[in-house]
Structure formats: structure tokens, C-alpha cells
Amino acid sequence: MYRLYGWKTTGSLASEAALEEAGEKYEVIPINIREGEQNTDEYGLINPTRQVPSLQLPDGSVMTEGAAILLHIADSHPESKLAPLPGTSERAQHDRWLFFFAVNVYEGELRKIIPQNYVDSEACAEAVKTAAYRYVENQYRIFEGYLKDGPYTFGDPFTVLDIYVWMLAQWMPPEWLEEECPKINRLVETAKLRPKIAPVQKRHFD
Ligand SMILES: N[C@@H](CCC(=O)N[C@@H](CS)C(=O)NCC(=O)O)C(=O)O
């Protein structure tokens, strides 16, 4: 059985949704990052970055980095069709945008939330934060420009990229997303209604 270390509405949400879509059995080990539980010695042995998510695989090994976890779940459950086949040009596009969101958007979100971790002087932190807001919004506009008829990135197939976008986009102000990125907003709203996603959505956001 998989063991997912995570906390409500945080980066572990996408891994949880992917495990649901893959029909896997898993246990969530709560790590309350608001209370600093990621900083215990015990958790440091599981994930030296002291972040969530971390995923213990059925063989006992542990992996970290949310986007890598999503790809692993997709590739180890090919019957779930959660990613295009490796080596295809669709997969290249899928991974391109997954990394785009992991590197540009997720990291941008961290600069918004903890700007003080990115600069030495407290005085510069506010400037980092302001620039991060603008930067993240621009990343969403770039992806919006790539999307076609939807509802998901590649039309009907629902992939772990869509799961990642569904999670991250809910960290944006809903009115901004609706007005500025209607295609991404449709992706998120459609994903929310999926039979396996809806209970996860409820657990995290209600
Ligand atoms: N690169 C990591 C980033 C994970 C990350 O920043 N997680 C946040 C929650 S969304 C966290 O654990 N923060 C706790 C902390 O930084 O102390 C990933 O993509 O999985």
C-alpha cells in the first residue's frame, strides 16, 4: 500500500487525486505544515527538504517532488491512461507543461508565500513577493494561450498534468482565473466534478 505524507490543500493534493484516479489503496500520513510538523527529525529522514508531498511506494522506497510522483503514478498504472505514452510527441507536450507548472508556477507560488526565503534582506522580501504575483499570473496566461477546446489539456483524456493544474490553479484567486483564464478555469471546474476527484475536492476545500 502507498503512504502519502501531506496536508490539506497543499502540494500533496495532486498526488492524492492521482492515486484516486489510478484506483490505488493508500494511507495519508498527515504532516501539519502550518504547525511545523515537517521540521521533526523523523520527517527529515523521510524527506530531507522537509516539504510535502512524500510518497512511500509499496516496496518501501520513498520518493519526493510532486511532479515526479505524478509521472510515477501515471506510468505505473498505464491502464488508467493518466499520461500519454512515453516517447510520443503528446507525452513530450504533457511533460513540457508539467515541468512548466512545477518549475515556474509552483516555485512562483512559494515566492509569494515565503519571499523571505529567497532574499537575505527583509526589506527586499516585499519586492520579491510583488514580482512573484505578476510572474505567476503571466505563467497562467502563457498556458491559457496553449489550451484549445478542452475541457482538458489534450481534449477528453484526463492526465496527471490536468490534476496538477487543477490543484495549482485553486491557489489563485477564483475571480482572477475566471476572468483572465477562462479555459484553465473550465479545466478546473470540469475536473472538480469527476467522480474520483469530487470527494478529494470536498475533503480538501469544504
Ligand atoms: N519542489 C517540491 C515543493 C514542495 C513544497 O514546497 N511543499 C510545500 C507545501 S505546498 C511545503 O511542504 N512547505 C513546507 C515548508 O516549506 O516548510 C515539490 O514540487 O514537491
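Reader: Let's start with the rings. Which residues do ring pairs link into a cluster?

Author: Before that, a word on the model: it is predicted, so local features need pLDDT of at least 70 and side-chain atom pairs count only at pLDDT 80 or more, while totals for chains, interfaces and linings use all residues. Residues are numbered from 1 along each chain as its sequence is written, and side-chain values use heavy atoms, with hydrogens and water left out. Now the general idea: a pair of aromatic rings is described by the distance of the centres and the angle of the planes. Rings of Phe, Tyr and Trp (its six-membered ring) pair if their centres lie within 6.5 Å; planes under 30 degrees apart count as stacked, over 60 as edge-to-face and the rest as tilted. Here the cluster joins W97, F100, F101, Y140, F143, Y146 and W176 through ring pairs.

Reader: How many aromatic pairs does a search of the whole structure find?

Author: Twelve aromatic pairs turn up. Take Y140 and W176: their ring centres are 6.3 Å apart and their planes sit at 75 degrees, so this pair is edge-to-face. Y140 belongs to helix α5 (residues 122-146) and W176 to helix α7 (residues 174-180), so the pair ties together parts that are 36 residues apart in sequence. Helices are DSSP runs (H or I, at least four residues), as are strands (E, at least two), and they are numbered from the N terminus.

Reader: Does "buried or exposed" come down to a number, and which does Y140 count as?

Author: Y140 has 0% relative accessibility and counts as buried. W176, at 14%, counts as buried too. Compare N138, found in helix α5: its 39% relative accessibility makes N138 partly exposed.

Reader: I also see lysines by some rings. Which residue lies over the face of Y133?

Author: The rule is that a charge sits over a ring if NZ of Lys or CZ of Arg is within 6 Å of the ring centre and within 35 degrees of the ring normal. K112 lies over the face of Y133, 4.6 Å from the ring centre. Likewise, K148 lies over Y146, at 4.9 Å from the ring centre.

Reader: Okay, on to a helix. How many residues of helix α1 are buried?

Author: Helix α1 (residues 12-21) is mostly covered, with nine of its ten residues buried. Among them are L13, A14, S15 and L19. The cover over those buried residues includes β1 (2-6), β2 (26-30), β3 (54-56), α3 (66-76), α6 (160-169) and α9 (198-205).

Reader: What about phi: which value does R50 have?

Author: Phi of R50 is near 55 degrees, which is positive in a residue other than glycine. R50 is in the loop between α2 and β3 and, at 29% relative accessibility, counts as partly exposed. T9 also has a positive phi, near 65 degrees, and is found in the loop between β1 and α1.

Reader: Last topic: pockets. Which residues lie nearest the centre of the largest pocket?

Author: On a 1 Å grid over the protein atoms alone, a pocket is an open set of points with protein on both sides within 12 Å along at least five of seven lines, a cavity is a set of points where a 1.4 Å probe fits but cannot get out, and lining residues have an atom within 4 Å of a point. The largest pocket is lined by 29 residues, and Q51, V52, Y106, L110 and W171 lie nearest its centre. α4 gives the most to this lining, with seven residues.

Conventions. Buried means under 20% relative accessible area, exposed over 50%, partly exposed in between (1.4 Å probe, protein chains only). Contact means heavy atoms within 4.5 Å.
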